[in-house]
Amino acid sequence: MADLTPTPVNPADRIIVPLDVPSREAAIALMDALPQVGFWKVGLELFVSAGPSILTALKERGKRIFLDLKFHDIPNTMAGACRAAGGYGVDLLTVHAPAGKAALMAAQAAVLEGAMASRDPAGTTTAPVSPPQIIAVTLLTSIQARALAFDLKVPLELPDYVLQMALLAQDAGLAGVVCSPQEAAPLRLTCGDDFLLVCPGVRPHWAAKGDQSRVLTPQQAIAAGASYLVIGRPITQAADPEIAFQRICDEIG
Ligand code: C5P
């Protein structure tokens with residue numbers, strides 16, 4: 001398994017910075033401008049535009065990788081995608097919990113298979129890699145209580161729905177969930193200390209909220225039980241990104 005513990009000792013190890021840029025060139029410029037960041041997130045935009053070779057660029061620099069592709073499909077298709085992703089040697093991989101228990105279990109089994117029979121981006125078989133830990137998106141933080149009830153017709157209160165999705169992920173053998181920091185405390189209590197809680201929606205008091213609505217500060221998110229914080233624009237759009245990153249490390253240290 002990838003070496004991810006719920007409570008890394010070094011504050012810098014708990015911060016994941018998203019490479020929310022549209023091209024390989026922009027991603028490399030960003031990672032090279034912030035050499036002290038050790039854990040980067042590759043999302044759909046960059047992965048679709050740059051392809052898997054962006055993962056090689058990160059690995060060449062010795063970085064940990066959160067591959068945030070949020071798979072959501074039938075078990076057979078989930079297994080196929082996770083088998084391929086399992087061979088990349090990334091640390092974290094996302095799927096959607098509402099794909100269902102059978103699909104989540106298929107995903108978990110498939111990353112192990114993929115890691116054993118790994119291939120480089122050119123398709124050549126390589127030595128086995130560590131499988132990623134799979135974390136499930138419980139409910140997108142862009143979906144508010146009203147949309148859950150009236151658009152998606154889910155008859156549960158939002159916090160209860162998030163909790164049920166986290167328990168489903170845990171029951172299927174996944175390593176943790178992506179959640180709002182405002183949901184972290186009850187999830188930590190119910191799911192235990194070993195369950196990874198990876199939280200976007202984090203804003204230092206000195207940074208703009210942007211389009212994130214339900215935010216906590218880094219310190220509050222860690223106190224609520226977050227294992228990892230995904231923090232983008234407060235660092236990448238800061239006047240001095242290196243100082244912003246260090247300031248957040250100091251605040252949670
Ligand atoms: O710039 P900011 O700190 O808002 O970036 C947060 C990152 O976390 C973005 O890459 C965003 O897509 C991602 N994310 C999120 N909310 C979720 C899941 C992922 O903000 N529920």
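Is Asn-76 buried or exposed?

Mentor: A word on the model comes before the details. This is a predicted model, in which local features need pLDDT of at least 70 and side-chain atom pairs count only at pLDDT 80 or more, while totals for chains, interfaces and linings use all residues. Residues are numbered from 1 along each chain as its sequence is written, and side-chain values use heavy atoms, with hydrogens and water left out.

Now to your residue. Asn-76 is exposed, because its relative accessible area is 65% (buried means under 20%, exposed over 50%, and partly exposed in between, with a 1.4 Å probe and protein chains only). Asn-76 belongs to helix H4, residues 75-86 (helices are DSSP runs of H or I with at least four residues, strands are runs of E with at least two, and both are numbered from the N terminus). Its C-alpha atom is 7.5 Å from that of Ala-103, a residue 27 positions away along the chain.

Lys-70 sits in strand S3, residues 64-71, and has a positive phi of about 45° although it is not a glycine. With a relative accessible area of 29%, Lys-70 is partly exposed. Lys-153 has a positive phi too, near 60°, and is likewise a residue other than glycine. Its place is the loop between helix H6 (145-150) and helix H7 (158-171), and at 62% relative accessibility Lys-153 is exposed.

Look next at the polar contacts (pairs of N or O atoms within 3.5 Å). A polar side-chain atom of Asp-20 is 2.7 Å from a ligand oxygen. Arg-233 also places a polar side-chain atom 2.7 Å from an oxygen atom of the ligand, and for Gly-232 a polar backbone atom is 2.8 Å from a ligand oxygen. On its own the ligand exposes 470 Å², and the protein buries 84% of that (areas by the Shrake-Rupley method with a 1.4 Å probe).

Terms used: A polar contact is a pair of N or O atoms within 3.5 Å; within protein, one must be able to donate a hydrogen and the other to accept it, and residues adjacent in sequence count only if both atoms are side-chain atoms.
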